[in-house]
Amino acid sequence: MIIKFPANIVFSLIWVGFLVVPFLSLSEIFELSNIDFAHTGEDVNSYLSQIQTPLYIKGLKDFIMFFLFIFTLRHYKIRFNRTSFFLLLLFGAFLGSFINSIIMPHDVKTIDYVIKVENFSLLALFSGLRWGFPFFIPFFIFPFIDTNFISKISRLVFLIFIIHFLFQLHQLFSEFYFFGETSLHLSARNPGLFVIPSVASSFSLMLYFYYKYIYDNQIFSDNIIDILFLLSILLTQSIVGFFGFLIIWISIHRKSFKSSTAFVATFFCAIPLFIYLNSRGLSGLIISSSYRLKFIYEAWERSSFFSSFFGLGTNTYSLLNGYGIATDSTFASIISNLGIFGALISFWIIIYILFLSFLIKNLALLIFTLILLLIMLTINITESYPVNLLAIIVISYFMGSVKADAKE
């Protein structure tokens, strides 16, 4: 198959998008590695909210997302089908919340503080658009994502993972105590190429699915792939990542279980074991989960049909403005930025995909949807690079393959 000119541009943008990943957070990683917060008493959160890497480097990923959006939009052909209908609904949620935020801006009340909003700002617009691009890109890019594209990009992506994994191993043994210390005096949570462990875990989890369900020509044997990604996720000590790994692993090896009892026992014995070995313990995991649920509840409590806070519920706005609506999950962010209408559309699309996966008996689509839901619970996926780029590729691949199956 000969790739046409437009597909070459898409491939080049995504290839560069992965190539820059190791450089996006290097300054933060080395800065955190050189500070012993446990003994200096310095504020950990103040370092998490600072930009250490120059903006011209961090901005590369945003330029790539922007050009992917603009270029693929130019080649989008409007058709009257379900895909265009969902796209129209999403656009309506964004447009309605954007207009409502301009004409009806007001202060944001949270449990902990009040955010003063006198009028809608350009920063809020930029933050909202940056947050929103990944929602739309799959609708435009899926004609370019096929098995040929997957084959060409997979080795580079795996190389990025290996670099990430080596960084995790280095952090484990090099007194990287930013996220705590184990009883063996090893680093408790190791984010590798990233600053936040949950993002690192989501990256490894998304890639694990990718190499088990999407990319057929394995670089290593199945067992080595299992071990590498399991270790990477365990090094972040993310319960969501481990839970997601189990879902993928059991779905792949489901035929190896002689009975449903063994299947269920494996699943439910592994979770308590992980909690026991986790340095945060059960209480730490509960606290982490409760904060995310609190942010979702807060967002729903102050929501309206169209949001009046478009762009405020993003990491970008919080980082550049110094404060914003805390979300910590994609669900809280959707409610904050798009209101009840956007949340209902998102929920409807997810239910539709789950129903479709059962209807066409597509196990890979079902497992991916479950994994995506888990990741959306623990991070703001549209702003977590390159997890968002991986999600765009996989979603686009499914959109193309399901359409092809429907035609057959």
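1. Let me start with helix α10: its 15 residues reach 22 Å from the first C-alpha to the last, close to the 21 Å expected at 1.5 Å a residue. The expected span here is 1.5 Å times one less than the number of residues in the helix. Helices are DSSP runs of H or I with at least four residues, strands are runs of E with at least two, and both are numbered from the N terminus.

2. A word on the model before going on. This is a predicted model, in which local features need pLDDT of at least 70 and side-chain atom pairs count only at pLDDT 80 or more, while totals for chains, interfaces and linings use all residues. Residues are numbered from 1 along each chain as its sequence is written, and side-chain values use heavy atoms, with hydrogens and water left out.

3. Back to α10, where I225, D226, L228, F229, S232, I233, L235 and T236 are buried. Buried means under 20% relative accessible area, exposed over 50%, and partly exposed in between, using a 1.4 Å probe and protein chains only. The cover over these buried α10 residues includes α8, α9 and α11. Just after the helix, Q237 takes a positive phi of about 55 degrees.

4. Helix α9 is worth a look next. It has 18 residues and reaches 25 Å from first C-alpha to last, close to the 26 Å expected at 1.5 Å a residue. As for cover, 18 of the 18 residues of α9 are buried.

5. How do α9 and α11 pack? Helix α9 (residues 197-214) and helix α11 (residues 239-252) have axes 9 Å apart, at an angle of about 10 degrees. The two helices are therefore roughly parallel to each other. Axes are lines fitted to C-alpha atoms, for helices over the stretch in contact, and angles run from 0 to 180 degrees between N-to-C directions. Angles under 35 degrees count as roughly parallel, over 145 as roughly antiparallel, 65 to 115 as roughly perpendicular and the rest as oblique.

6. On the α9 side of this packing, S201, L205, Y208, F209, K212 and Y213 take part, and their partners in α11 include F245, I248 and W249. Contact means heavy atoms within 4.5 Å. The residues of the α9 contact with α11 divide into nine nonpolar, four polar and one charged.

7. K212 is buried, and so is D226. A salt bridge is a side-chain nitrogen of Lys or Arg within 4 Å of a carboxyl oxygen of Asp or Glu.

8. The whole structure holds five salt bridges. In one of them, D62 pairs with R130, with the closest N and O atoms 2.6 Å apart. D62 lies in helix α5 (residues 55-74) and R130 in helix α7 (residues 122-141), so the pair ties together parts that are 68 residues apart in sequence. D62 is partly exposed at 25% relative accessibility, whereas R130 is buried at 18%. D62, R130 and E383 are linked in a network of salt bridges.

9. Finally, please look at H164 in helix α8 (residues 147-173). H164 is buried, with a relative accessible area of 0%. Leaving aside residues up to four places away in sequence, H164 touches P191, G192, L193, F194, A200, F203, S204 and S232.

Notes
Ala, Val, Leu, Ile, Met, Phe, Trp, Tyr, Cys and Pro count as nonpolar, Asp, Glu, Lys and Arg as charged, and the others, Gly among them, as polar.
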